[in-house]
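Me: I'm new to reading structures and would like to go through this one with you. Could we begin with a term I keep meeting?

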Amino acid sequence: MKNQRLGCVLAGIAIFGLTGCSPESITLEGKVSNLSGNTIVYRPTMDGIYNATQRDTLFLQADSTYRITFPSKGNEKISFYIYGQKYLGTVYAEPGKNVLDIDASLENSLSIENTLANENEIVKELSRLQGEVFNLRARRGDAFQVAKDTVASSVYQKLTDYASGIEQKITGVDDVFKKRAVQDVRMQMLLAFMNQYMWISYQDTAEETKKEWESVYSNMLDFTDISRPENVFSDAFADVISNVAGIELYMKTKQQPKDRNEGKQKLFDWYKNNLKGRVQEVAMANVILEDASNESYSTGIPALYEQFKELHPASTLTPALEEAVQKNIAFNNQELPEDIHILNTDSVRSFKEITDRYAGKVIFIDIWATWCGPCRESFAHVKPLQQYAKENDIVLLYVSIDRPTDAALWKKMAGYYNLKGDHVIINEFFKMDIYNTFGNNGALYIPHCAIINKKGELQFKKAASPEDMDKLAEQLREAGE
């Protein structure tokens with residue numbers, strides 16, 4: 001939840017300093033019940049654009065009431081979640097005052113008080129559809145009866161029929177919302193089709209079958225029409241548009257980018273050359289915003305932003321992009337602190353060669369990767385561990401399982417999170433040492449912590465994480481006996 005409070009403060013300055021509670025802004029207020037100490041976050045569309053990387057925290061007063069206000073030229077949707085646990089629902093709000101009480105014990109049952117009753121019933125239907133598509137992609141369910149269907153034309157028919165059934169319910173609403181809702185349905189259906197198409201493509205499937213899927217995929221693109229500006233309202237937009245580009249750039253060519261930087265550049269260029277208008281604007285912006293949200297901080301991002309500004313100088317996404325680019329520049333210009341030691345492993349042939357350097361000491365091992373979100377989140381809890389290690393002469397050894405091509409990012413991220421201690425990145429010689437020692441059947445789930453005792457023995461193959469410092473301190477004391 002890093003930087004969420006700052007985001008709310010800045011939003012508040014912009015809103016109350018310029019617009020207050022004018023008709024140019026949306027206000028939601030109400031009371032939250034059954035929260036049980038959890039945190040609610042919300043994601044509003046802005047000018048009809050759904051930005052999956054943007055979320056804010058719902059701050060409650062002492063009496064459990066809340067009030068949020070944000071600028072708007074028209075109606076917007078707002079999705080609410082209990083952070084890290086569950087989806088609460090989505091509502092469609094209008095400029096001015098909207099009343100919304102939230103029962104945090106219920107899912108997808110939000111009921112907002114405004115003049116958009118029909119729209120909000122449809123929004124619930126769209127939320128249900130989104131959940132069904134998610135379940136299909138996660139192999140948790142199959143409301144469309146397509147998961148085991150290998151015939152492209154059959155999958156197409158099932159999904160388009162399903163879409164038609166929902167679209168018939170989109171009545172009694174204004175034209176803006178109708179277009180948004182219809183395109184949301186079609187984007188979700190395209191995402192469901194892509195799920196099956198890509199799965200078939202990566203199987204050992206006959207070429208004739210693959211060609212059939214490619215042909216029907218083209219029909220599905222026509223059905224959806226990804227060029228429509230209303231598509232950016234859909235929660236599925238970011239996934240759909242990156243999949244469209246990925247299918248053309250990589251799946252059909254059977255090529256892969258050499259590193260993240262090249263991948264971002266190719267994606268941005270594909271959007272630039274193949275999309276237009278608002279769809280191009282939001283797709284290109286997503287490359288920059290997702291890079292910051294994932295903390296990849298690719299070095300080519302500032303240059304992409306300069307291109308973006310030339311093409312879309314009046315974009316409503318510019319403030320968010322500016323913030324993302326400034327974070328990128330700060331990240332890439334930082335100097336590595338002296339108490340972060342990068343060990344050269346070029347000549348290392350086994351992990352034991354590394355741990356033998358610390359004979360007679362307890363070693364806390366943290367296995368991570370720059371692309372691992374939970375790993376990065378865990379680093380918020382390292383300060384007590386660092387203090388404990390300093391007081392008890394314990395070695396902090398961070399082991400990255402990143403690819404060598406990501407070594408520069410690995411080093412910068414170690415500095416960004418101030419991971420005091422020794423750092424190594426695996427090479428081909430001791431890679432399997434790490435996976436066999438700390439994983440199971442060749443699979444290693446990260447973040448993964450372990451402890452080697454003073455005798456050089458692996459005493460805790462799966463140790464407590466710094467988030468549970470009391471238990472970790474107990475294990476470290478035991479390893480030091």
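Me: What do buried and exposed mean here?
Reply: A residue counts as buried when its relative accessible area is under 20%, and as exposed when that area is over 50%. Please keep in mind that this is a predicted model.

Me: OK, so which residues of helix 5 are buried?
Reply: In helix 5, the buried residues are K210, W213, V216, Y217, M220, F223 and T224. Seen down the helix axis, these buried residues fall within an arc of 130°, so they line one face of helix 5.

Me: And what's exposed on the other side?
Reply: On the other side of helix 5, the exposed residues are E207, E208, K211 and D222.

Me: What do the buried ones pack against?
Reply: The buried residues of helix 5 pack against helix 3 (152-167), helix 4 (175-201) and helix 6.

Me: Switching topic, what volume does the second largest pocket have?
Reply: The volume of the second largest pocket is about 540 Å³. It is lined by 17 residues, of which R260, G263, K264, L267 and N294 are the closest to its centre.

Me: Which helix gives the most to that lining?
Reply: Helix 7 gives the most to the lining of the second largest pocket, contributing four residues. Helix 6 (237-251), helix 7 (260-274) and helix 8 (277-293) are the elements that each give two or more.

Me: How many of the lining residues are charged?
Reply: The lining of the second largest pocket has six charged residues, alongside six polar and five nonpolar ones.

Notes: Residues numbered from 1 in each chain as written. Predicted model: local features only at pLDDT ≥ 70, side-chain atom pairs only at ≥ 80, totals over all residues. Heavy atoms only, no water. 1 Å grid on protein atoms, 1.4 Å probe; cavity = no way out; pocket = protein on both sides within 12 Å on 5 of 7 lines; lining within 4 Å. Points joined across faces, edges and corners; volume = space filled by probe spheres on them. Nonpolar A, V, L, I, M, F, W, Y, C, P; charged D, E, K, R; others polar. Buried < 20%, exposed > 50% of the residue type's maximum accessible area, 1.4 Å probe, protein only. Arc of directions from axis to C-beta. Contact = heavy atoms within 4.5 Å.
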